[in-house]
Amino acid sequence: MLANYGIQCLARFDDGAERRLALPRKLHAVAGDWGETDGKRLVTIEPREHILARADADSTQILGANVDRVVLVQSASNPPYRAGLSDRYQVFCAVMDIPLILVINKIDEGDEAVLAKARRYEEWGVEVVCVSAHSTENIAVLAERLREGTSVLSGHSGVGKSSLLNTLLPGVEIEVGDVSDYHGKGRHTTTTARAYAYRDGYLIDTPGIRQFGFVGVDPSDVARAFPEFAEYADQCKFRNCMHTHEPQCAVRDAAESGKIRKSRYRSYLRIIESLEY
């Protein structure tokens with residue numbers, strides 16, 4: 001399924017044809033779902049494999065189903081790059097066993113310090129691709145990485161997801177919004193997740209997010225998304241150490257001595273606190 005429009009959905013058939021079908025209320029279909037139709041309506045949805053989902057105070061939102069990779073798009077300039085968001089996606093993808101690609105857009109507008117911060121994630125097992133949708137720099141590299149399977153693009157409004165898709169999908173002409181000069185945040189242009197056929201797979205465009213609340217992540221899962229903790233975790237006094245307040249915690253000691261980046265350790269603590277809250 002390509003998109004959910006409430007009482008209808010947009011579906012793509014095996015022959016490549018796309019058309020709208022009636023969507024029964026009992027079927028909570030999302031972009032990336034596979035299912036069966038009777039020619040006029042969607043009848044069933046197949047069990048989902050990997051999903052990208054987020055939670056807020058009121059609900060859980062599935063951004064894409066049957067996902068082969070998550071593509072977190074951040075900006076090198078405006079809106080500013082946010083390492084905390086990269087950490088949260090890294091945690092979710094590590095727990096759900098979904099490959100993560102961190103895409104830094106607008107590199108023609110950013111400075112090298114921002115790119116250096118983003119490239120650190122390569123040390124922690126995350127693929128990083130730095131591109132410019134405007135100048136098309138490194139777009140061919142990104143296109144090759146996304147040529148197979150289903151990729152879901154996510155990130156804050158204004159980072160250039162729609163611009164990247166317009167570059168990757170000539171002729172689609174997805175609406176692009178500006179970044180507000182007042183608060184430096186993008187305006188939502190994509191209002192519902194939409195999958196587009198792309199080479200040997202699909203690209204899912206998703207609405208810009210304000211926050212990325214976790215779904216299906218337990219506090220005890222978080223440390224494994226911080227691979228730099230591993231060599232010290234075995235030295236902790238307690239086998240089930242959460243690396244927050246326990247005595248003789250080797251991870252906390254490593255952060256205090258600078259062997260682990262203090263910014264990463266603080267991000268870890270914020271994530272644990274948000275999950276416990």
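**Reading a predicted model: a tutorial dialogue**

There are seven helices and 13 strands in the protein, and the model is a predicted one.

User: What percentage of the residues count as buried, and what share of the accessible surface belongs to carbon and sulfur atoms?

Analyst: A residue is called buried if its relative accessible area is under 20%. By that criterion, 49% of the 277 residues are buried. The accessible surface comes to about 14,200 Å², and carbon and sulfur atoms account for 46% of that area.

User: Among contacts between residues at least 6 apart in sequence, what percentage join residues at least 24 apart?

Analyst: In this protein, the share of such contacts that join residues at least 24 apart is 60%.

User: Which residues of helix H7 are buried, and where do they lie around the axis?

Analyst: One first compares the span of a helix with the expected one. Helix H7 (residues 262-276) has 15 residues and reaches 21 Å from its first C-alpha to its last, close to the 21 Å expected at 1.5 Å a residue. The buried residues of H7 are Arg264, Tyr265, Ser267, Tyr268, Ile271 and Ile272. These residues cover an arc of only 160° around the axis, which puts them on the same side of H7. Their cover includes helix H1 (83-96) and helix H6 (250-257).

User: How many bridges join strand S12 to strand S13, and in which sense do they run, parallel or antiparallel?

Analyst: In a regular strand the side chains alternate between the two faces of the sheet. In this structure, S12 and S13 (residues 200-205) run antiparallel and are joined by five bridges, with tyrosine 198 opposite glycine 201 in S13. Four of the five residues of S12 (residues 194-198) are buried, so this strand is largely enclosed by the rest of the structure. The hairpin has one residue between its strands, and arginine 199 takes a positive phi near 50° there.

User: How many residues stand between S4 and S5 in their hairpin, and which residue in the turn has a positive phi?

Analyst: That hairpin has four residues between its strands, and glycine 39 in the turn has a positive phi of about 95°. Strand S4 (residues 35-37) and strand S5 (residues 42-45) form three bridges in the antiparallel sense; glycine 35 has isoleucine 45 in S5 as its bridge partner.

User: What phi does threonine 136 have, and what omega does the peptide bond from asparagine 78 to proline 79 have?

Analyst: Threonine 136 has a positive phi of about 70° although it is not a glycine; asparagine 138, likewise not a glycine, has a positive phi of about 65°. Threonine 136 sits in the loop between S10 and helix H3 (139-145), and asparagine 138 is placed in the loop between S10 and H3. Threonine 136 is partly exposed at 44% relative accessible area, and asparagine 138 is partly exposed at 35%. The bond from asparagine 78 to proline 79 is cis, with omega near 0°; proline 79 is found in the loop between strand S8 (69-75) and H1.

Key:
Residues are numbered from 1 along each chain as its sequence is written. This is a predicted model: local features need pLDDT of at least 70, side-chain atom pairs count only at pLDDT 80 or more; totals for chains, interfaces and linings use all residues. Side-chain values use heavy atoms; hydrogens and water are left out. Helices (H or I, at least four residues) and strands (E, at least two) are DSSP runs, numbered from the N terminus. The expected span of a helix is 1.5 Å times one less than its number of residues. Buried means under 20% relative accessible area, exposed over 50%, partly exposed in between (1.4 Å probe, protein chains only). The arc is that of the directions from the helix axis to the C-beta atoms. Contact means heavy atoms within 4.5 Å. Accessible areas come from the Shrake-Rupley method with a 1.4 Å probe; for residues, only the protein chains shown count as cover. Two strands pair if DSSP finds at least two bridges between them.
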